[in-house]
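The following paragraphs walk through a few local features of one model. Please keep the sequence and the coordinates at hand while reading.

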Amino acid sequence: MKIKFLVFILFTSFIGFSQSINDYKAVIVPINFDFAKGINPYRLSTMTKANLIKAGFQAFYENDQLPAELLNRCDLLYADVKRDNAFLVTKLFVEFKDCYGKVVYTSETGRSKEKEYEAAYRESLDMAFLSIYGLHYKYSGKTAITASGVASTAAVTAAPVAATSVSAPVADVSDPNLLYAQPTENGFQLIDKTPKVVMKLLKTSRPDSFIAIKDGIQGSLNAKDNQWFFEYYQNDKLISEKVSVKF
């Protein structure tokens, strides 16, 4: 009886998970990783995106211009490739987080004994994706549930989403000072093309305002007039700096 009950719990848990991951419209792929230097190191971003598309997801690099129907960040999953340190073996797994930095799913760990980095990363990443293929992802048409337990307002039309989405201000992708937002546990970190962390953001109760920390200075990042502004006090004077951000 106990065994049957355990099987039932595992089965219903799996069904619940399958439904939740299918509620996300697309996946954002990072262009840099904690364990490797540079942009798209060893083609990790390229391989991750290709595998996601093969698994049935819409996938975009974090610096891509997203279509209007994907401007609500809580309708998206944020993928990251993690490396387990191991002697003579390369071990990678894929982690998916929601817009609040909460882990939604972690793949099985892929392994490779190849000595050349790119070959080892390709083999171990392909193995990790076998468990993701097994999810048989297909977008359900529903909206994702946010960390607060409220359904995100996926767009019926593009305009309402743009008005309420964190990414409402449209980033100028040609701006050489453009910063890219990466989800963290409590908000985002903004990186430049180096990549270097330029600013850290902590979420507030408003989607258009963050607590912001830059070079040891704490202020706020606010959306105004379709642009983002970093605002802080210096010598009792309010300073407002325009910041170009791609969420």
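Is cysteine 74 buried or exposed? Cysteine 74 is buried, its relative accessible area being 9%; buried stands for under 20% relative accessible area, exposed for over 50% and partly exposed for the range in between, with a 1.4 Å probe and protein chains only. The model is predicted, so local features need pLDDT of at least 70 and side-chain atom pairs count only at pLDDT 80 or more, while totals for chains, interfaces and linings use all residues. Residues are numbered from 1 along each chain as its sequence is written, and side-chain values use heavy atoms, with hydrogens and water left out.

Cysteine 74 forms a disulfide with cysteine 99, the sulfur atoms lying 2.0 Å apart; the term covers a pair of cysteine sulfur atoms within 2.5 Å. A search of the whole structure finds one disulfide. The pair links distant parts of the chain, 25 residues apart: cysteine 74 is in the loop between β2 (58-61) and β3 (76-84), and cysteine 99 is in the loop between β4 (90-97) and β5 (103-106). Helices (H or I, at least four residues) and strands (E, at least two) are DSSP runs, numbered from the N terminus. The torsion about the S-S bond is about 80 degrees, so the disulfide is right-handed. Cysteine 99 is also buried, at 5% relative accessibility.

Next come two helices. Two packed helices are described by the angle between their axes and the distance between the axes. For α2 (residues 44-54) and α3 (residues 117-133), the axes come within 10 Å and cross at roughly 25 degrees. Axes here are lines fitted to C-alpha atoms, for helices over the stretch in contact, and angles run from 0 to 180 degrees between N-to-C directions. The two helices are therefore roughly parallel, a term for angles under 35 degrees, whereas those over 145 count as roughly antiparallel, 65 to 115 as roughly perpendicular and the rest as oblique.

In contact, meaning heavy atoms within 4.5 Å, residues of α2 including Leu44, Met47 and Leu52 meet residues of α3 including Tyr121, Leu125 and Phe129. Buried residues of α2 include Leu44, Met47 and Leu52, and the cover over the buried residues of this helix includes β1 (26-29), β2, β3, β4 and α3. Just after α2, glycine 56 takes a positive phi of about 105 degrees.

Elsewhere, serine 244 sits in the loop between β13 (237-243) and β14 (245-246). Serine 244 is buried, with a relative accessible area of 14%. Leaving out residues up to four places away in sequence, serine 244 touches Asp172, Asp175, Asn177, Leu178 and Leu179.
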